[in-house]
Amino acid sequence: MRILVVEDDRKVARFIERGLREEGYVVDVAHDGQDGLTRAKVYEYDLILLDVMLPGLSGFEVVRDLRRAESGVPVLMLTARDDAEDVVRGLDLGADDYLTKPFSFDVLLARVRALSRRASVGGGGSPLVYDDLEMDRLRRRVTRGGEDISLTPKEFHLLEYLLQRPEEVVRRTELLEKVWDLHFDPMSNVVDVHVAKLRRKLRKDDRPELIHTLRGVGYILQRKAPS
């Protein structure tokens with residue numbers, strides 16, 4: 001899941017970015033409204049955390065312009081004032097939720113999960129299932145054949161991305177962009193390393209391989225190895 005944080009307070013932005021990255025999310029940061037709007041129009045994000053008071057364009061103007069451009073990306077607005085007028089204005093302009101500063105990171109994370117479930121493929125918090133593999137995104141639980149599999153946050157998001165595209169070829173560059181960082185070195189073998197670790201964990205009790213490599217291209221989640 002790829003998140004854009006638009007926050008002019010660099011200390012707050014670093015706090016949010018670090019916490020989200022530790023949870024396995026891909027995070028880009030903008031420090032003013034115009035940069036945030038440009039990034040949101042150029043790149044595909046799953047969620048935007050948007051401060052209200054920004055230099056240049058305000059958060060209100062950013063969300064207004066995004067909705068006028070028919071962008072449906074979920075927006076969580078961050079405001080320093082618990083002012084009903086600001087909240088109503090933001091929601092009326094197209095924001096999906098708001099959070100008043102100061103906030104605990106656990107609360108922010110819960111809002112992020114709620115908005116991502118609402119916008120996720122298949123809707124709501126419904127599990128992702130392929131063959132005997134099941135992912136409960138609400139409880140962040142993965143099982144195969146009914147047995148729990150312990151995954152790191154990055155492995156969880158990697159598997160989630162593959163489960164949303166079963167039997168489709170997913171390119172390494174796509175995984176780098178969606179599961180890692182916008183500026184991650186494309187020559188890195190980080191994708192291969194994580195896929196290898198994920199494969200080992202999914203082979204529980206010698207069950208058949210589900211993630212297959214297409215050399216020079218990427219990966220595919222399917223029961224049989226590609227011919």
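Reader: Hi! What kinds of residues make up the lining of the largest cavity?
Author: Eight are nonpolar, two polar and two charged. Here Asp, Glu, Lys and Arg are charged, Ala, Val, Leu, Ile, Met, Phe, Trp, Tyr, Cys and Pro nonpolar, and the others, Gly among them, polar. This is a predicted model: local features need pLDDT of at least 70, side-chain atom pairs 80 or more, while totals for chains, interfaces and linings use all residues. Numbering starts from 1 along each chain, and side-chain values use heavy atoms, leaving out hydrogens and water.

Reader: Which residues line it?
Author: V52, F60, M77, L78, T79, D86, V87, G90, L91, A95, D97 and Y98 (an atom within 4 Å of a cavity point, on a 1 Å grid where a 1.4 Å probe fits but cannot get out).

Reader: Which element supplies the largest share?
Author: Helix α4, with four residues. At least two residues each come from β4 (75–79), α4 (84–93) and β5 (97–100); helices are DSSP runs of at least four residues, strands of at least two.

Reader: And what's its volume?
Author: About 60 Å³, counted as the space filled by probe spheres. The whole structure has one cavity of 30 Å³ or more.

Reader: New topic! How do α7 and α8 cross?
Author: The axes of α7 (172–179) and α8 (190–202), lines fitted to C-alpha atoms, come within 10 Å and cross at roughly 85°. That makes α7 roughly perpendicular to α8 (65 to 115 degrees).

Reader: Which residues meet there?
Author: R172, L175 and L176 in α7 meet V190, V191 and D192 in α8, with heavy atoms within 4.5 Å. Four residues of this contact are nonpolar, two charged and none polar.

Technical notes
1 Å grid on protein atoms, 1.4 Å probe; cavity = no way out; pocket = protein on both sides within 12 Å on 5 of 7 lines; lining within 4 Å. Axes fitted to C-alpha atoms, helices over the stretch in contact; angles between N-to-C directions. Parallel < 35°, antiparallel > 145°, perpendicular 65-115°, else oblique.
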